[in-house]
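Let's take a look at a structure together, moving from strands to side chains.

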Amino acid sequence: MLLGSYGIETCMSVLAESAVGHDELAVLKLLALEGGLEGDVKISCSHLADRLGASSQTASRRLQRLESADLLERDTVSDGQWVQITETGERTLHAEYEDYRRIFETDSQIALEGTVTSGMGEGRHYISLSGYQRQFEERLGYEPFPGTLNVDLREDSVRRRSAMASLEPVPIDGWESEERTYGPAVCYPATIETADGEVYEGAYTIAPERTHHDDDQLEVIAPDKLREELGLEDGDHVTVSVGDRE
């Protein structure tokens with residue numbers, strides 16, 4: 001569980017990405033259409049400027065901003081530059097895609113598949129803290145079981161997880177005790193389905209707010225001990241369907 005270790009300094013890692021605007025995202029989309037998700041592609045600022053209907057200086061500035069935000073990597077050569085979209089850039093594009101998908105499609109559920117795994121035991125401690133407990137009861141409507149169900153996501157679900165950025169979460173505010181500061185978190189309503197077809201509704205995923213750390217790990221809370229409720233053991237396959245707050 002990362003809530004306790006998520007402080008102000010971690011927030012700094014997302015500031016550059018949040019500064020990227022629609023103009024830069026348009027460039028990122030063009031680079032993806034040129035093949036930037038598959039590997040290095042060679043492009044010149046003049047070519048990019050023609051595609052954008054802008055000046056070469058403007059195209060160069062937008063590339064610089066994308067690079068500063070860790071959305072792409074660049075290697076300048078004499079007759080242009082080689083660029084490749086990073087994993088962070090791919091997540092950003094996927095989140096944009098999910099926004100459009102929600103406009104044109106009615107189903108806003110995001111299905112994430114993975115296997116149950118044992119956590120480090122930190123979830124029990126942090127979920128039981130009074131500063132979080134009060135908010136869980138007020139905003140989720142129940143006191144969670146002191147512990148999380150930990151799911152190792154499949155590779156395709158790790159990529160799909162970025163689409164959760166387009167959903168509306170239930171925010172859990174950060175707070176301070178006399179000893180330390182505890183970071184904010186976001187929760188999303190979730191339904192869990194086992195390989196045998198058993199379904200549990202009323203759960204929530206929980207993660208530190210605005211972070212990409214440990215994208216391959218999904219943590220789920222519920223009023224019940226999910227392992228016992230669903231008869232789960234390490235290695236069991238589950239599908240966690242995540243949606244908007246109600």
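**A helix over a sheet, and what follows**

Let's start with helix α3, residues 22-33: this helix lies across β1, β2 and β3, and runs at about 95° to β3. Please keep in mind throughout that this is a predicted model.

So what sits under that helix? There are 3 strands in an open sheet, in the order β1-β3-β2, with antiparallel pairing. The edges are β1 (41-43) and β2 (72-77), each of which pairs on one side only. On average, neighbouring strands in this sheet are turned by 30° against each other, direction ignored.

Now zoom in on β1 and its partner β3, residues 80-85: the two pair in the antiparallel sense over 3 bridges. Which residue in β3 stands opposite lysine 42? That would be tryptophan 82.

Stay with lysine 42 for a moment, please. This lysine forms a salt bridge with aspartate 79, and the closest N and O atoms are 2.7 Å apart. Aspartate 79 lies in the loop between β2 and β3, while lysine 42 belongs to strand β1, so the pair ties together parts that are 37 residues apart in sequence.

Strand β4, residues 110-117, is joined by 6 bridges to strand β12, residues 237-242, and the two run antiparallel. Within that pairing, leucine 112 stands opposite valine 240 in β12. Strand β4 also pairs with β5, residues 149-153, again in the antiparallel sense and over 4 bridges. There, threonine 115 has aspartate 152 in β5 as its bridge partner.

Strand β5 is also where an annotation comes in. The UniProt record, an unreviewed entry, has a "binding site" annotation covering Thr148 and Asn150. Threonine 148 is placed in the loop between α8 (130-140) and β5, whereas asparagine 150 is found in strand β5 itself. Are these residues buried or exposed? Threonine 148 counts as buried at 18% relative accessibility, and asparagine 150 is buried too, with a relative accessible area of 10%. Leaving aside residues up to four places away in sequence, asparagine 150 touches Thr115, Val116, Thr117, Gly119, Gln217, Leu218 and Glu219.

Last topic: charges. How many salt bridges does a search of the whole structure find? The count is 13. One links glutamate 155 with arginine 159, with the closest N and O atoms 3.5 Å apart. These two are 4 residues apart in helix α9 (residues 155-160), so about one helical turn separates them. Glutamate 155 counts as exposed at 61% relative accessibility, while arginine 159 is partly exposed at 40%.

Another joins glutamate 228 to lysine 225, and here the closest N and O atoms are 3.7 Å apart. Glutamate 228 is exposed, with a relative accessible area of 62%, and lysine 225 is partly exposed, at 33%. Finally, salt bridges that share partners bring Glu113, Arg154, Asp156 and Arg160 together in one network.

That's my tour, and I'm happy to take questions!

Conventions. Residues are numbered from 1 along each chain as its sequence is written. This is a predicted model: local features need pLDDT of at least 70, side-chain atom pairs count only at pLDDT 80 or more; totals for chains, interfaces and linings use all residues. Side-chain values use heavy atoms; hydrogens and water are left out. Two strands pair if DSSP finds at least two bridges between them. Axes are lines fitted to C-alpha atoms, for helices over the stretch in contact, and angles run from 0 to 180 degrees between N-to-C directions. Contact means heavy atoms within 4.5 Å. UniProt positions are given in the numbering used here, feature names are shortened, and annotations may be inferred rather than shown by experiment. Buried means under 20% relative accessible area, exposed over 50%, partly exposed in between (1.4 Å probe, protein chains only). A salt bridge is a side-chain nitrogen of Lys or Arg within 4 Å of a carboxyl oxygen of Asp or Glu.
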